[in-house]
Amino acid sequence: MPRALLVIAVLALAACSGSERDIRMRDLRSFTGGPDEFSILPSKELQSPENYASLPVPTPGGSNLTDQNPLGDGIAALGGKPGALVPGRGVPAADSALLAFVGRNGVPADIRETLAAEDLAFRTRASRFTRFKIVREDLYNDTYRRQTIDPHAELWRWRRFGVTTPSAPPVK
């Protein structure tokens, strides 16, 4: 009996020891010890530029013309503008009407910082007992389950209001 109490006390003390918890929800690491085949991106084919003077200046750690850009390629394949991914460009002029409509009731200037702080507090509360997992797993979907929208319930809700809605995939 005293040994069991000692083990429980040591475990309780170890649980309280770290003030820094791992509050990341996604755990996509590979624990197999082998190579991660998804982290290898083949480069694009080498091509001669139209004008050698227009080549960008090489920067250590910067991008290369033969580097893959999966997000940009996907956006271009769907008819979008891959240049929209470049940070610091602001809102394109084509989206100014949308931005004005969305912000018609006012938008706090620090909305991103507020949401980031609230999400950090939520993940901190949600990660209280996650360090005791025996098997590492991806906790994102379980953590945010209460905040997800049921697409079929929303579909029927809008249909009750008489709004024309597209068809939805069958419920599994």
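W158 is partly exposed, at a relative accessible area of 39% (buried means under 20%, exposed over 50%, partly exposed in between, with a 1.4 Å probe and protein chains only). W158 forms an edge-to-face aromatic pair with F161, 6.1 Å from centre to centre and with 65 degrees between the planes. Rings of Phe, Tyr and Trp (its six-membered ring) pair if their centres lie within 6.5 Å; planes under 30 degrees apart are stacked, over 60 edge-to-face, and the rest tilted. F161 is exposed, at 58% relative accessibility.

The model is predicted: local features need pLDDT of at least 70, side-chain atom pairs count only at pLDDT 80 or more, and totals for chains, interfaces and linings use all residues. Residues are numbered from 1 along each chain as its sequence is written, and side-chain values use heavy atoms, with hydrogens and water left out.

The protein chain holds 6 helices and 0 strands. Its pattern along the sequence is α-α-α-α-α-α. Helices (H or I, at least four residues) and strands (E, at least two) are DSSP runs, numbered from the N terminus. Of the 172 residues in the protein chain, 6% are buried. The accessible surface comes to about 15,700 Å², and carbon and sulfur atoms account for 61% of this (Shrake-Rupley method, 1.4 Å probe; for residues, only the protein chains shown count as cover). Contacts (heavy atoms within 4.5 Å) were also examined by sequence separation. Among those between residues at least 6 apart in sequence, 52% join residues at least 24 apart.

The loop between α1 (2-17) and α2 (70-77) contains Y52. Y52 is exposed, with a relative accessible area of 58%. Together with L55 and L65, Y52 makes a nonpolar surface patch of about 340 Å². Patches are made of residues with over 30% relative accessible area and no salt bridge; like charges are joined within 9 Å, and nonpolar side chains (Val, Leu, Ile, Met, Phe, Trp, Tyr) within 5 Å. T66 also lies in the loop between α1 and α2. T66 is buried, at 15% relative accessibility. Apart from neighbours within four places in sequence, T66 contacts S43, K44, E45 and L46.

The whole structure contains 3 salt bridges (a side-chain nitrogen of Lys or Arg within 4 Å of a carboxyl oxygen of Asp or Glu). D119 pairs with R123, with the closest N and O atoms 3.0 Å apart. Both residues lie in helix α4 (residues 111-126), 4 residues apart, about one turn of the helix. D119 is partly exposed, at 26%. R145 bridges to D142 at 2.8 Å, N to O. R145 is exposed at 53%, whereas D142 is partly exposed at 46%. In helix α6 (residues 151-160), R157 and E154 are 3 residues apart, about one turn of the helix. Their salt bridge places the closest N and O atoms 3.0 Å apart. R157 is partly exposed at 31%, and E154 is partly exposed at 27%.

The count of aromatic pairs is 3. The rings of F122 and Y144 have centres 5.2 Å apart and planes at 40 degrees, so this pair is tilted. F122 lies in helix α4 and Y144 in the loop between α5 (140-143) and α6, so the pair ties together parts 22 residues apart in sequence. Y144 is buried, at 11% relative accessibility. F122, Y140 and Y144 form one aromatic cluster.

Charges also sit over rings (NZ of Lys or CZ of Arg within 6 Å of the ring centre and within 35 degrees of the ring normal). The charged end of R104 sits over the ring of F101, 4.0 Å from its centre. R159 lies over the face of W156, 4.9 Å from the ring centre.
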